[in-house]
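Q: Could you take me through how strand pairing and aromatic contacts are read from a model of this kind?

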Amino acid sequence: MNTPRMGIPQRLAERMSMAEQHEYLHSKFSRRGLLRGGAVAAGSLAAGGLLTGTANAAAPAAPRLLAPSHEQVDGSLVAPIGRHLAFGADPRTQMTVSWQVPVPVKKPFLRIGTHPWNLSQRIQAEVRSLHTPAGVGSSPDYTQYYLHVQLDRLHPGTTYYYGVGHDGFDPASSHLAGTIGTFTTAPARSSKFTFTAFGDQGVSYHALANDSLILGQNPAFHLHAGDICYADPSGSGQTGDSFDVRTWDQFLAQTETVAKQVPWMVGYGNHDMEAWFSPNGYGGEEARFQLPGNGPDPKNLPGVYTFVYGNTAVISLDANDVSYEIPANQGLSKGKQTAWLEAQLKSLRARRGIDFIVVFFHHCAFSTTNQHASEGGARDAWVPLFEKYQVDLVVNGHNHVYERTDAIKGNAVGRQVPIGGTARPESDGVVYVTAGGAGRSLYSFPVPDSYEGNEKPLDSVATYVWDKGGNKVAETVHWSRVRFTGYSFIRVDVTPAPRGRTSTLSVRALAENGTEVDRFTIARRSRA
(Lines give C-alpha, C1' and ligand atoms only; values in the text may rest on other atoms or scores of the structure.)
Protein backbone atom coordinates (compact mmCIF):
# COMPACT_ATOMS: atom_id res chain seq x y z
CA MET A 1 0.00 0.00 0.00
CA ASN A 2 1.06 3.61 -0.54
CA THR A 3 -0.31 4.84 2.78
CA PRO A 4 2.15 7.06 4.70
CA ARG A 5 3.86 5.21 7.52
CA MET A 6 4.77 5.96 11.11
CA GLY A 7 8.35 6.95 11.70
CA ILE A 8 10.64 4.05 12.65
CA PRO A 9 12.91 2.61 9.95
CA GLN A 10 11.56 -0.81 9.04
CA ARG A 11 14.90 -2.53 9.61
CA LEU A 12 14.93 -1.17 13.15
CA ALA A 13 11.25 -1.73 13.91
CA GLU A 14 11.50 -5.41 13.05
CA ARG A 15 13.98 -5.89 15.92
CA MET A 16 11.95 -3.96 18.50
CA SER A 17 9.20 -5.10 20.83
CA MET A 18 5.88 -3.27 20.82
CA ALA A 19 6.89 -1.40 23.99
CA GLU A 20 10.24 -0.34 22.48
CA GLN A 21 8.52 0.90 19.33
CA HIS A 22 6.03 2.90 21.40
CA GLU A 23 8.84 4.58 23.36
CA TYR A 24 10.82 5.34 20.21
CA LEU A 25 7.83 6.83 18.44
CA HIS A 26 6.88 9.06 21.35
CA SER A 27 10.43 10.32 21.70
CA LYS A 28 10.47 11.21 18.01
CA PHE A 29 7.24 13.21 18.24
CA SER A 30 8.63 15.37 21.01
CA ARG A 31 6.63 17.53 23.38
CA ARG A 32 7.75 20.67 21.60
CA GLY A 33 6.71 19.33 18.22
CA LEU A 34 3.36 18.17 19.52
CA LEU A 35 2.50 21.45 21.17
CA ARG A 36 3.39 23.34 18.01
CA GLY A 37 0.75 21.24 16.28
CA GLY A 38 -1.78 21.83 19.04
CA ALA A 39 -1.56 18.14 19.98
CA VAL A 40 -1.02 15.81 22.88
CA ALA A 41 -1.31 12.06 23.15
CA ALA A 42 -4.09 9.72 24.20
CA GLY A 43 -5.71 10.49 27.52
CA SER A 44 -8.76 10.26 29.71
CA LEU A 45 -10.47 12.61 32.12
CA ALA A 46 -13.57 12.68 34.21
CA ALA A 47 -16.56 14.19 32.48
CA GLY A 48 -17.38 17.10 34.72
CA GLY A 49 -17.62 19.65 31.96
CA LEU A 50 -15.97 20.74 28.75
CA LEU A 51 -13.30 18.31 27.54
CA THR A 52 -10.32 20.43 28.49
CA GLY A 53 -7.24 19.96 30.60
CA THR A 54 -3.63 20.89 30.98
CA ALA A 55 -1.37 19.79 28.14
CA ASN A 56 1.01 17.14 29.35
CA ALA A 57 3.73 15.27 27.45
CA ALA A 58 3.51 12.18 29.65
CA ALA A 59 5.58 9.02 29.81
CA PRO A 60 4.65 6.41 27.21
CA ALA A 61 2.63 4.14 29.51
CA ALA A 62 0.61 6.86 31.25
CA PRO A 63 -2.63 8.52 30.14
CA ARG A 64 -2.44 12.19 29.23
CA LEU A 65 -4.87 15.06 29.32
CA LEU A 66 -6.06 16.92 26.27
CA ALA A 67 -6.14 20.66 25.62
CA PRO A 68 -8.26 21.21 22.50
CA SER A 69 -6.91 23.84 20.15
CA HIS A 70 -10.37 24.71 18.81
CA GLU A 71 -13.32 26.39 20.47
CA GLN A 72 -16.35 24.57 21.81
CA VAL A 73 -19.19 23.97 19.37
CA ASP A 74 -22.81 24.63 20.36
CA GLY A 75 -23.96 21.30 21.86
CA SER A 76 -27.30 21.46 20.05
CA LEU A 77 -25.38 21.07 16.78
CA VAL A 78 -23.52 17.92 17.86
CA ALA A 79 -25.13 14.48 17.73
CA PRO A 80 -23.60 11.42 19.46
CA ILE A 81 -22.46 8.65 17.09
CA GLY A 82 -21.10 5.13 17.23
CA ARG A 83 -23.07 3.76 20.17
CA HIS A 84 -21.95 0.30 21.27
CA LEU A 85 -22.66 -1.92 24.27
CA ALA A 86 -20.59 -4.37 26.29
CA PHE A 87 -21.37 -6.61 29.24
CA GLY A 88 -19.66 -6.20 32.55
CA ALA A 89 -18.36 -9.27 34.35
CA ASP A 90 -21.96 -10.20 35.25
CA PRO A 91 -24.30 -9.82 32.23
CA ARG A 92 -27.33 -10.13 34.52
CA THR A 93 -26.62 -6.85 36.33
CA GLN A 94 -23.87 -4.97 34.44
CA MET A 95 -23.70 -3.18 31.09
CA THR A 96 -21.51 -0.46 29.61
CA VAL A 97 -22.90 2.03 27.09
CA SER A 98 -20.23 3.68 24.95
CA TRP A 99 -20.38 6.31 22.22
CA GLN A 100 -18.43 9.02 20.43
CA VAL A 101 -18.76 12.74 19.75
CA PRO A 102 -16.86 14.46 16.93
CA VAL A 103 -15.96 17.61 18.95
CA PRO A 104 -15.78 18.57 22.65
CA VAL A 105 -19.12 18.90 24.43
CA LYS A 106 -20.20 19.97 27.92
CA LYS A 107 -21.40 17.52 30.57
CA PRO A 108 -22.02 14.35 28.52
CA PHE A 109 -24.48 11.93 30.11
CA LEU A 110 -26.69 8.89 29.71
CA ARG A 111 -30.39 8.72 30.49
CA ILE A 112 -31.90 5.33 31.33
CA GLY A 113 -35.24 3.85 32.36
CA THR A 114 -37.51 0.86 31.86
CA HIS A 115 -39.90 2.81 29.61
CA PRO A 116 -39.03 5.04 26.64
CA TRP A 117 -41.18 7.86 28.01
CA ASN A 118 -39.50 7.81 31.41
CA LEU A 119 -35.74 8.37 31.19
CA SER A 120 -35.52 10.29 34.44
CA GLN A 121 -32.30 8.72 35.69
CA ARG A 122 -29.34 10.72 34.40
CA ILE A 123 -25.75 9.47 34.80
CA GLN A 124 -22.61 11.45 34.04
CA ALA A 125 -20.30 9.91 31.41
CA GLU A 126 -16.57 9.27 31.54
CA VAL A 127 -14.65 10.85 28.66
CA ARG A 128 -11.59 9.25 27.09
CA SER A 129 -9.92 11.47 24.53
CA LEU A 130 -7.53 10.00 22.01
CA HIS A 131 -5.10 12.14 20.06
CA THR A 132 -3.10 11.21 16.97
CA PRO A 133 -0.61 13.84 15.80
CA ALA A 134 0.04 14.55 12.14
CA GLY A 135 2.78 12.28 10.89
CA VAL A 136 1.59 9.19 12.76
CA GLY A 137 0.14 7.34 9.83
CA SER A 138 -1.93 9.06 7.16
CA SER A 139 -4.42 11.05 9.24
CA PRO A 140 -3.98 14.75 9.99
CA ASP A 141 -3.61 16.07 13.54
CA TYR A 142 -6.74 14.40 14.90
CA THR A 143 -8.57 13.98 18.21
CA GLN A 144 -11.34 11.52 18.99
CA TYR A 145 -13.68 11.66 21.99
CA TYR A 146 -15.10 8.46 23.43
CA LEU A 147 -17.63 8.36 26.24
CA HIS A 148 -18.61 5.55 28.58
CA VAL A 149 -21.15 4.88 31.32
CA GLN A 150 -20.75 1.67 33.30
CA LEU A 151 -24.06 0.50 34.71
CA ASP A 152 -24.33 -1.75 37.74
CA ARG A 153 -27.16 -3.15 39.90
CA LEU A 154 -29.42 -3.66 36.91
CA HIS A 155 -32.25 -6.17 37.10
CA PRO A 156 -31.76 -9.54 35.36
CA GLY A 157 -33.85 -10.30 32.29
CA THR A 158 -34.98 -6.69 31.94
CA THR A 159 -35.18 -4.46 28.88
CA TYR A 160 -33.87 -0.95 29.47
CA TYR A 161 -34.28 2.15 27.33
CA TYR A 162 -31.43 4.63 27.14
CA GLY A 163 -30.36 7.81 25.43
CA VAL A 164 -26.99 9.56 25.33
CA GLY A 165 -26.46 13.29 25.20
CA HIS A 166 -24.79 16.42 26.56
CA ASP A 167 -25.62 20.06 27.20
CA GLY A 168 -27.76 21.16 24.26
CA PHE A 169 -28.64 17.61 23.18
CA ASP A 170 -31.04 15.83 25.54
CA PRO A 171 -32.51 12.51 24.31
CA ALA A 172 -35.46 13.03 26.67
CA SER A 173 -36.63 15.87 24.42
CA SER A 174 -39.58 14.89 22.26
CA HIS A 175 -37.85 15.83 18.99
CA LEU A 176 -34.91 13.50 19.84
CA ALA A 177 -37.01 10.48 20.81
CA GLY A 178 -35.74 8.65 17.72
CA THR A 179 -32.25 8.49 19.25
CA ILE A 180 -33.36 6.24 22.13
CA GLY A 181 -31.85 2.74 22.20
CA THR A 182 -32.50 -0.44 24.16
CA PHE A 183 -30.68 -3.38 25.71
CA THR A 184 -31.71 -6.45 27.69
CA THR A 185 -29.79 -7.92 30.60
CA ALA A 186 -29.14 -11.65 30.91
CA PRO A 187 -31.86 -13.66 32.65
CA ALA A 188 -31.45 -14.84 36.24
CA ARG A 189 -32.05 -18.46 35.19
CA SER A 190 -30.88 -20.41 32.17
CA SER A 191 -33.15 -20.30 29.16
CA LYS A 192 -32.79 -20.70 25.42
CA PHE A 193 -30.82 -17.92 23.72
CA THR A 194 -28.80 -17.14 20.59
CA PHE A 195 -25.42 -15.54 20.10
CA THR A 196 -23.43 -14.75 16.96
CA ALA A 197 -19.71 -14.51 16.18
CA PHE A 198 -17.16 -13.60 13.53
CA GLY A 199 -13.72 -12.00 13.13
CA ASP A 200 -11.89 -9.71 10.70
CA GLN A 201 -14.60 -7.21 9.92
CA GLY A 202 -13.26 -3.81 8.84
CA VAL A 203 -15.32 -1.29 6.91
CA SER A 204 -16.98 -2.53 3.72
CA TYR A 205 -20.28 -3.32 2.09
CA HIS A 206 -19.81 -6.96 3.11
CA ALA A 207 -19.21 -5.96 6.74
CA LEU A 208 -22.41 -3.91 6.69
CA ALA A 209 -24.34 -6.79 5.11
CA ASN A 210 -23.19 -9.17 7.83
CA ASP A 211 -24.15 -6.66 10.53
CA SER A 212 -27.63 -6.34 9.07
CA LEU A 213 -28.10 -10.09 8.94
CA ILE A 214 -26.80 -10.50 12.50
CA LEU A 215 -29.34 -7.99 13.77
CA GLY A 216 -32.08 -10.17 12.27
CA GLN A 217 -30.94 -13.16 14.35
CA ASN A 218 -31.85 -11.27 17.56
CA PRO A 219 -28.70 -12.42 19.39
CA ALA A 220 -28.21 -11.93 23.13
CA PHE A 221 -24.61 -10.88 22.36
CA HIS A 222 -22.05 -10.95 19.59
CA LEU A 223 -18.41 -12.11 19.72
CA HIS A 224 -15.84 -10.33 17.54
CA ALA A 225 -12.68 -12.45 17.37
CA GLY A 226 -10.23 -9.63 16.60
CA ASP A 227 -9.03 -7.49 13.70
CA ILE A 228 -11.85 -5.13 14.42
CA CYS A 229 -11.69 -2.17 12.04
CA TYR A 230 -8.28 -2.26 10.26
CA ALA A 231 -7.21 1.30 11.00
CA ASP A 232 -3.81 -0.42 10.77
CA PRO A 233 -4.19 -2.51 7.59
CA SER A 234 -0.59 -3.80 7.70
CA GLY A 235 -1.12 -5.88 10.83
CA SER A 236 2.47 -6.62 11.78
CA GLY A 237 2.36 -4.77 15.09
CA GLN A 238 5.09 -2.45 13.86
CA THR A 239 5.26 1.33 14.02
CA GLY A 240 6.06 1.21 10.31
CA ASP A 241 2.59 -0.21 9.63
CA SER A 242 0.25 1.92 7.53
CA PHE A 243 -2.30 3.58 9.79
CA ASP A 244 -5.34 5.87 9.63
CA VAL A 245 -7.14 6.38 12.94
CA ARG A 246 -10.19 7.88 11.20
CA THR A 247 -11.16 4.38 10.07
CA TRP A 248 -12.43 3.82 13.62
CA ASP A 249 -15.03 6.57 13.11
CA GLN A 250 -16.30 4.80 10.00
CA PHE A 251 -16.32 1.44 11.74
CA LEU A 252 -18.28 2.55 14.80
CA ALA A 253 -20.81 4.35 12.60
CA GLN A 254 -21.20 1.23 10.46
CA THR A 255 -21.63 -1.06 13.46
CA GLU A 256 -23.94 1.17 15.50
CA THR A 257 -27.14 -0.23 14.00
CA VAL A 258 -26.57 -3.54 15.73
CA ALA A 259 -24.04 -2.74 18.49
CA LYS A 260 -26.31 -0.11 20.08
CA GLN A 261 -28.63 -2.93 21.18
CA VAL A 262 -26.50 -6.09 21.06
CA PRO A 263 -23.46 -6.26 23.40
CA TRP A 264 -20.44 -6.28 21.07
CA MET A 265 -17.81 -8.33 22.88
CA VAL A 266 -14.45 -7.90 21.18
CA GLY A 267 -11.10 -9.64 21.34
CA TYR A 268 -7.88 -8.24 19.87
CA GLY A 269 -6.04 -9.40 16.76
CA ASN A 270 -2.80 -8.46 15.08
CA HIS A 271 -4.41 -5.50 13.26
CA ASP A 272 -5.53 -4.11 16.63
CA MET A 273 -1.96 -3.48 17.88
CA GLU A 274 -1.51 0.27 17.27
CA ALA A 275 1.94 1.12 18.60
CA TRP A 276 1.47 4.88 18.97
CA PHE A 277 -1.14 4.66 21.72
CA SER A 278 0.52 2.49 24.36
CA PRO A 279 3.45 0.11 24.94
CA ASN A 280 1.24 -2.92 24.23
CA GLY A 281 -0.52 -1.26 21.29
CA TYR A 282 -3.96 -1.45 22.92
CA GLY A 283 -4.28 2.12 24.25
CA GLY A 284 -6.61 3.09 21.43
CA GLU A 285 -8.92 0.14 22.09
CA GLU A 286 -8.94 0.97 25.80
CA ALA A 287 -10.29 4.41 24.88
CA ARG A 288 -12.98 3.00 22.58
CA PHE A 289 -14.16 -0.09 24.46
CA GLN A 290 -14.97 -0.91 28.07
CA LEU A 291 -14.69 -4.69 28.52
CA PRO A 292 -15.36 -6.72 31.69
CA GLY A 293 -11.83 -6.17 33.06
CA ASN A 294 -11.74 -9.42 35.05
CA GLY A 295 -8.77 -11.00 33.27
CA PRO A 296 -5.30 -11.64 34.71
CA ASP A 297 -3.89 -8.19 33.83
CA PRO A 298 -6.52 -5.69 32.57
CA LYS A 299 -3.92 -2.97 31.92
CA ASN A 300 -1.66 -5.02 29.65
CA LEU A 301 -4.25 -7.54 28.42
CA PRO A 302 -7.54 -5.59 28.21
CA GLY A 303 -8.99 -8.08 25.72
CA VAL A 304 -8.70 -11.04 28.11
CA TYR A 305 -11.86 -11.60 30.15
CA THR A 306 -14.73 -13.96 30.86
CA PHE A 307 -18.47 -13.79 31.43
CA VAL A 308 -21.31 -16.24 31.98
CA TYR A 309 -24.65 -16.00 30.18
CA GLY A 310 -27.18 -18.59 31.28
CA ASN A 311 -25.59 -22.04 31.10
CA THR A 312 -22.69 -20.86 28.88
CA ALA A 313 -19.34 -19.43 29.92
CA VAL A 314 -17.40 -17.34 27.39
CA ILE A 315 -13.66 -16.70 27.57
CA SER A 316 -11.83 -14.11 25.42
CA LEU A 317 -8.08 -14.60 24.96
CA ASP A 318 -5.31 -12.49 23.40
CA ALA A 319 -3.46 -14.68 20.90
CA ASN A 320 -0.93 -11.90 20.17
CA ASP A 321 0.63 -12.97 23.49
CA VAL A 322 1.42 -16.46 22.17
CA SER A 323 1.76 -15.91 18.41
CA TYR A 324 4.75 -17.40 16.60
CA GLU A 325 3.71 -15.89 13.27
CA ILE A 326 3.40 -12.22 14.37
CA PRO A 327 5.57 -11.82 17.50
CA ALA A 328 5.20 -8.08 18.25
CA ASN A 329 3.47 -8.85 21.59
CA GLN A 330 4.72 -12.39 22.03
CA GLY A 331 5.27 -13.11 25.73
CA LEU A 332 3.47 -9.95 26.82
CA SER A 333 1.84 -11.64 29.81
CA LYS A 334 4.92 -13.69 30.80
CA GLY A 335 2.70 -16.74 31.13
CA LYS A 336 0.02 -15.06 33.27
CA GLN A 337 -2.64 -15.41 30.59
CA THR A 338 -2.19 -19.16 30.21
CA ALA A 339 -2.14 -19.70 33.98
CA TRP A 340 -5.32 -17.63 34.30
CA LEU A 341 -6.93 -19.60 31.48
CA GLU A 342 -6.33 -22.91 33.23
CA ALA A 343 -7.68 -21.56 36.51
CA GLN A 344 -10.81 -20.29 34.75
CA LEU A 345 -11.38 -23.53 32.87
CA LYS A 346 -10.96 -25.60 36.02
CA SER A 347 -13.36 -23.40 37.97
CA LEU A 348 -15.98 -23.14 35.25
CA ARG A 349 -15.99 -26.84 34.45
CA ALA A 350 -16.62 -27.63 38.12
CA ARG A 351 -19.35 -24.99 38.53
CA ARG A 352 -22.91 -26.26 38.72
CA GLY A 353 -25.24 -24.67 36.18
CA ILE A 354 -22.58 -24.19 33.50
CA ASP A 355 -22.87 -26.69 30.67
CA PHE A 356 -20.83 -25.09 27.90
CA ILE A 357 -17.51 -23.27 27.66
CA VAL A 358 -16.90 -21.22 24.51
CA VAL A 359 -13.46 -19.71 23.91
CA PHE A 360 -12.71 -17.09 21.26
CA PHE A 361 -9.48 -15.47 20.12
CA HIS A 362 -7.93 -14.26 16.90
CA HIS A 363 -5.18 -16.50 15.50
CA CYS A 364 -6.32 -19.95 14.35
CA ALA A 365 -5.21 -23.02 16.22
CA PHE A 366 -6.40 -25.16 13.29
CA SER A 367 -6.87 -23.83 9.76
CA THR A 368 -5.64 -24.66 6.26
CA THR A 369 -5.68 -21.40 4.29
CA ASN A 370 -2.82 -20.44 2.03
CA GLN A 371 -2.38 -17.11 3.85
CA HIS A 372 -1.98 -17.91 7.58
CA ALA A 373 -2.95 -21.57 8.18
CA SER A 374 -2.42 -22.66 11.82
CA GLU A 375 -0.83 -20.78 14.73
CA GLY A 376 1.59 -23.10 16.52
CA GLY A 377 1.78 -20.76 19.50
CA ALA A 378 -1.91 -21.21 20.27
CA ARG A 379 -1.60 -24.96 19.81
CA ASP A 380 1.36 -25.22 22.17
CA ALA A 381 0.00 -22.94 24.91
CA TRP A 382 -3.73 -23.54 24.94
CA VAL A 383 -4.93 -26.58 22.98
CA PRO A 384 -3.81 -29.05 25.71
CA LEU A 385 -5.91 -27.05 28.20
CA PHE A 386 -8.91 -27.00 25.88
CA GLU A 387 -8.76 -30.77 25.69
CA LYS A 388 -8.06 -31.27 29.41
CA TYR A 389 -11.12 -29.25 30.41
CA GLN A 390 -13.29 -30.32 27.46
CA VAL A 391 -13.94 -26.90 25.94
CA ASP A 392 -17.04 -27.16 23.78
CA LEU A 393 -16.36 -24.65 20.99
CA VAL A 394 -13.38 -22.51 19.94
CA VAL A 395 -14.00 -19.57 17.59
CA ASN A 396 -11.15 -17.88 15.71
CA GLY A 397 -10.68 -15.25 13.00
CA HIS A 398 -7.41 -14.26 11.25
CA ASN A 399 -8.09 -16.35 8.15
CA HIS A 400 -10.72 -14.58 6.01
CA VAL A 401 -12.86 -17.64 5.29
CA TYR A 402 -15.16 -20.04 7.06
CA GLU A 403 -13.58 -23.33 8.07
CA ARG A 404 -14.72 -25.92 10.58
CA THR A 405 -12.87 -28.92 11.94
CA ASP A 406 -13.95 -32.33 13.09
CA ALA A 407 -13.68 -32.88 16.84
CA ILE A 408 -9.92 -32.77 17.49
CA LYS A 409 -8.04 -34.61 20.21
CA GLY A 410 -4.26 -34.89 20.35
CA ASN A 411 -3.85 -32.97 17.07
CA ALA A 412 -5.84 -35.67 15.27
CA VAL A 413 -9.46 -36.44 14.50
CA GLY A 414 -11.21 -37.61 17.66
CA ARG A 415 -14.50 -37.97 15.84
CA GLN A 416 -15.63 -36.98 12.37
CA VAL A 417 -18.41 -34.39 12.50
CA PRO A 418 -20.08 -34.17 9.08
CA ILE A 419 -22.48 -31.36 8.19
CA GLY A 420 -25.48 -31.94 10.43
CA GLY A 421 -23.44 -34.11 12.79
CA THR A 422 -23.04 -34.02 16.58
CA ALA A 423 -19.94 -33.89 18.77
CA ARG A 424 -19.69 -34.73 22.46
CA PRO A 425 -16.61 -32.99 23.88
CA GLU A 426 -16.30 -35.32 26.88
CA SER A 427 -15.32 -38.17 24.56
CA ASP A 428 -14.75 -36.75 21.09
CA GLY A 429 -12.53 -33.67 21.48
CA VAL A 430 -12.88 -29.99 20.60
CA VAL A 431 -14.47 -28.44 17.50
CA TYR A 432 -12.69 -25.34 16.08
CA VAL A 433 -14.41 -22.77 13.87
CA THR A 434 -12.63 -20.15 11.80
CA ALA A 435 -15.21 -17.41 11.24
CA GLY A 436 -13.01 -14.80 9.56
CA GLY A 437 -15.32 -13.82 6.71
CA ALA A 438 -16.82 -10.76 8.40
CA GLY A 439 -15.96 -8.18 5.75
CA ARG A 440 -12.33 -7.95 4.67
CA SER A 441 -10.99 -9.33 1.38
CA LEU A 442 -11.26 -13.10 1.26
CA TYR A 443 -8.45 -15.66 1.48
CA SER A 444 -8.07 -19.00 -0.31
CA PHE A 445 -7.63 -22.69 0.45
CA PRO A 446 -5.11 -25.05 -1.18
CA VAL A 447 -8.01 -27.41 -1.94
CA PRO A 448 -11.62 -26.94 -3.14
CA ASP A 449 -14.34 -25.55 -0.91
CA SER A 450 -16.66 -28.08 0.71
CA TYR A 451 -19.83 -26.83 2.38
CA GLU A 452 -23.56 -27.53 2.66
CA GLY A 453 -25.00 -27.94 -0.84
CA ASN A 454 -21.48 -28.20 -2.30
CA GLU A 455 -19.81 -31.03 -0.42
CA LYS A 456 -16.43 -32.18 -1.76
CA PRO A 457 -14.98 -34.15 1.15
CA LEU A 458 -11.25 -34.88 1.23
CA ASP A 459 -9.34 -37.38 3.35
CA SER A 460 -6.43 -34.97 3.85
CA VAL A 461 -5.19 -31.44 3.19
CA ALA A 462 -1.54 -30.44 2.75
CA THR A 463 -1.01 -27.25 4.76
CA TYR A 464 1.38 -25.77 7.36
CA VAL A 465 1.71 -24.55 10.93
CA TRP A 466 3.89 -21.71 12.30
CA ASP A 467 6.68 -22.80 14.64
CA LYS A 468 8.59 -20.95 17.40
CA GLY A 469 11.10 -19.58 14.94
CA GLY A 470 8.40 -17.97 12.80
CA ASN A 471 8.76 -20.65 10.14
CA LYS A 472 6.09 -22.47 8.17
CA VAL A 473 6.27 -26.20 8.90
CA ALA A 474 4.47 -28.42 6.42
CA GLU A 475 1.84 -30.81 7.73
CA THR A 476 -0.85 -33.00 6.24
CA VAL A 477 -4.08 -32.87 8.22
CA HIS A 478 -7.30 -34.86 8.25
CA TRP A 479 -9.51 -32.58 10.37
CA SER A 480 -10.63 -29.94 7.82
CA ARG A 481 -14.30 -30.85 7.47
CA VAL A 482 -16.01 -27.71 6.02
CA ARG A 483 -14.45 -24.93 3.92
CA PHE A 484 -16.28 -21.92 2.50
CA THR A 485 -14.64 -19.00 0.69
CA GLY A 486 -17.25 -16.33 1.30
CA TYR A 487 -18.45 -13.64 3.68
CA SER A 488 -20.21 -15.22 6.64
CA PHE A 489 -20.71 -15.47 10.40
CA ILE A 490 -21.92 -18.10 12.84
CA ARG A 491 -25.18 -18.28 14.74
CA VAL A 492 -25.23 -20.40 17.90
CA ASP A 493 -28.54 -21.44 19.47
CA VAL A 494 -28.10 -22.54 23.07
CA THR A 495 -30.77 -24.87 24.47
CA PRO A 496 -30.41 -25.77 28.16
CA ALA A 497 -31.97 -28.90 29.62
CA PRO A 498 -32.92 -30.13 33.10
CA ARG A 499 -30.13 -31.70 35.11
CA GLY A 500 -29.10 -35.06 33.68
CA ARG A 501 -30.70 -34.41 30.30
CA THR A 502 -28.83 -33.19 27.17
CA SER A 503 -28.14 -29.49 26.59
CA THR A 504 -27.11 -28.42 23.10
CA LEU A 505 -25.20 -25.79 21.16
CA SER A 506 -26.64 -25.74 17.64
CA VAL A 507 -24.16 -23.98 15.38
CA ARG A 508 -24.99 -22.68 11.91
CA ALA A 509 -22.72 -20.84 9.51
CA LEU A 510 -24.62 -18.29 7.42
CA ALA A 511 -23.35 -16.55 4.30
CA GLU A 512 -23.98 -12.81 3.99
CA ASN A 513 -27.09 -13.52 1.88
CA GLY A 514 -28.54 -15.76 4.61
CA THR A 515 -27.72 -19.08 2.95
CA GLU A 516 -26.71 -21.81 5.39
CA VAL A 517 -23.28 -23.27 4.57
CA ASP A 518 -22.74 -25.47 7.65
CA ARG A 519 -24.58 -26.81 10.69
CA PHE A 520 -23.55 -29.06 13.54
CA THR A 521 -24.40 -29.66 17.20
CA ILE A 522 -22.40 -29.81 20.41
CA ALA A 523 -24.16 -31.96 23.02
CA ARG A 524 -23.44 -32.25 26.74
CA ARG A 525 -25.21 -33.67 29.78
CA SER A 526 -26.70 -30.77 31.73
CA ARG A 527 -25.36 -29.68 35.13
CA ALA A 528 -28.35 -27.44 35.92
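A: Two strands pair if DSSP finds at least two bridges between them, where helices (H or I, at least four residues) and strands (E, at least two) are DSSP runs numbered from the N terminus. The model is predicted, so local features need pLDDT of at least 70 and side-chain atom pairs count only at pLDDT 80 or more, while totals for chains, interfaces and linings use all residues. Residues are numbered from 1 along each chain as its sequence is written, and side-chain values use heavy atoms, with hydrogens and water left out.

Q: Which residue in S22 is the bridge partner of Glu-403?

A: The partner is Thr-434; strands S18 (residues 402–405) and S22 (residues 431–435) run antiparallel and are joined by three bridges. Both belong to an open, mixed sheet of seven strands in the order S13-S14-S15-S17-S22-S18-S25, whose edge strands, S13 (305–309) and S25 (480–484), each pair on one side only.

Q: How are the rings of Phe-87 and Tyr-309 arranged?

A: Rings of Phe, Tyr and Trp (its six-membered ring) pair if their centres lie within 6.5 Å, and planes under 30 degrees apart count as stacked, over 60 as edge-to-face and the rest as tilted. Here the centres are 6.0 Å apart and the planes at 40°, so the pair is tilted. Because Phe-87 lies in strand S2 (residues 81–87) and Tyr-309 in strand S13, the pair ties together parts 222 residues apart in sequence.

Q: Is Phe-87 buried or exposed?

A: Buried means under 20% relative accessible area, exposed over 50%, and partly exposed in between (1.4 Å probe, protein chains only). Phe-87 is buried at 0%, and Tyr-309, at 8%, also counts as buried.
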